[in-house]
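Please prepare a briefing on selected local features of this protein.

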Amino acid sequence: MGRAASEPAAMAAAGGFVRELERRGGPALRLEQREAGDVGCVVWDAALVLAKFLETGACPLARRAVLELGAGTGAVGIMAATLGANVTVTDLEELQELLLVNIENNKHLVTGSVRAKVLKWGEDVTEFQPPPDYILMADCIYYEESLEPLLKTLKDLTGPDTCVLCCYEQRTMGKNPEIERRYFELLQADFELEKIPLEKHDEEYRSADIHIVNIHRKRAVG
């Protein structure tokens with residue numbers, strides 16, 4: 001995947017690994033990762049692709065309200081905050097410390113704002129209302145059991161003008177193809193989907209098996 005695949009994934013650092021993510025407009029983001037733990041602890045390729053897509057300017061982010069689901073290291077949301085967005089990065093309780101470390105490490109690059117909050121898919125989202133302008137998701141489609149809670153959260157969070165950017169790596173192993181098919185099948189009951197062409201992704205941070213989908217609530221008929 002261009003530069004993202006050719007660079008070392010991480011550099012050793014005390015207590016974990018630091019991933020540097022270049023920015024067009026200044027110093028790189030420095031994102032701490034955890035050496036051991038669950039899937040949220042490293043910067044996945046889909047997060048790199050989505051973060052760099054935001055830098056293309058295809059979606060105006062300055063002064064917009066942005067919420068990232070399943071943020072993990074916070075790479076995508078923090079990038080949005082460096083582009084002027086007011087961002088809430090969300091994940092489970094056990095990832096809050098890592099999110100806070102990465103917010104602190106990059107706060108000097110933020111031109112909007114960024115905070116971390118706990119959000120468990122399927123649960124109450126009242127504190128995240130009103131609906132944000134953008135919802136960002138990178139590689140959130142991997143557990144069959146999480147599909148319906150994730151879809152409930154998307155329905156509860158989105159308003160008629162919310163733009164959801166979902167970036168995922170297409171995987172061919174095991175149950176992954178079936179999980180992806182089921183997710184998009186369920187999603188289309190309430191949402192319109194539009195795939196963003198590969199040529200509109202960042203020139204270097206792109207890959208034929210990593211897709212970005214633009215998702216909106218279906219308009220009410222009548």
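The points below are grouped by topic. The model is predicted. Helices H2 and H3 pack with their axes 8 Å apart, the second largest pocket holds about 180 Å³ of space, and a cis peptide bond joins Gln129 and Pro130.

**Helix packing**
- Helix H2 covers residues 45-55 and helix H3 covers residues 75-82; the angle between them is about 10°.
- Angles under 35 degrees count as roughly parallel, and H2 and H3 are therefore roughly parallel to each other.
- The crossing of H2 and H3 is right-handed.
- On the H2 side the contact is made by Ala47, Leu50, Ala51, Lys52, Leu54 and Glu55, and on the H3 side by Ala75, Val76, Met79 and Ala80.
- By class, the residues of this contact are 8 nonpolar and 2 charged, with no polar ones.

**Second largest pocket**
- The volume of the second largest pocket is about 180 Å³.
- Its lining has 15 residues, of which Ala65, Val66, Asn86, Thr88 and Arg115 are the closest to the centre.
- Strands E4 (65-69), E5 (86-91) and E6 (113-118) each give two or more residues to the lining.
- The lining residues comprise 9 nonpolar, 4 polar and 2 charged.

**Backbone**
- Most residues other than glycine have a negative phi, and most peptide bonds are trans.
- Arg63, in the loop between H2 and E4, has a positive phi, near 65°.
- The peptide bond between Gln129 and Pro130 is cis, with omega about 0°.
- Pro130 is in the loop that runs between E6 and strand E7 (134-138).

Methods:
Residues are numbered from 1 along each chain as its sequence is written. This is a predicted model: local features need pLDDT of at least 70, side-chain atom pairs count only at pLDDT 80 or more; totals for chains, interfaces and linings use all residues. Side-chain values use heavy atoms; hydrogens and water are left out. Axes are lines fitted to C-alpha atoms, for helices over the stretch in contact, and angles run from 0 to 180 degrees between N-to-C directions. Helices (H or I, at least four residues) and strands (E, at least two) are DSSP runs, numbered from the N terminus. Angles under 35 degrees count as roughly parallel, over 145 as roughly antiparallel, 65 to 115 as roughly perpendicular and the rest as oblique. A crossing is left-handed if the near helix is turned anticlockwise from the far one by less than a right angle, and right-handed if clockwise. Contact means heavy atoms within 4.5 Å. Ala, Val, Leu, Ile, Met, Phe, Trp, Tyr, Cys and Pro count as nonpolar, Asp, Glu, Lys and Arg as charged, and the others, Gly among them, as polar. On a 1 Å grid over the protein atoms alone, a cavity is a set of points where a 1.4 Å probe fits but cannot get out, and a pocket is an open set with protein on both sides within 12 Å along at least five of seven lines; lining residues have an atom within 4 Å of a point. Grid points are joined across faces, edges and corners, and a volume is the space filled by probe spheres set on the points.
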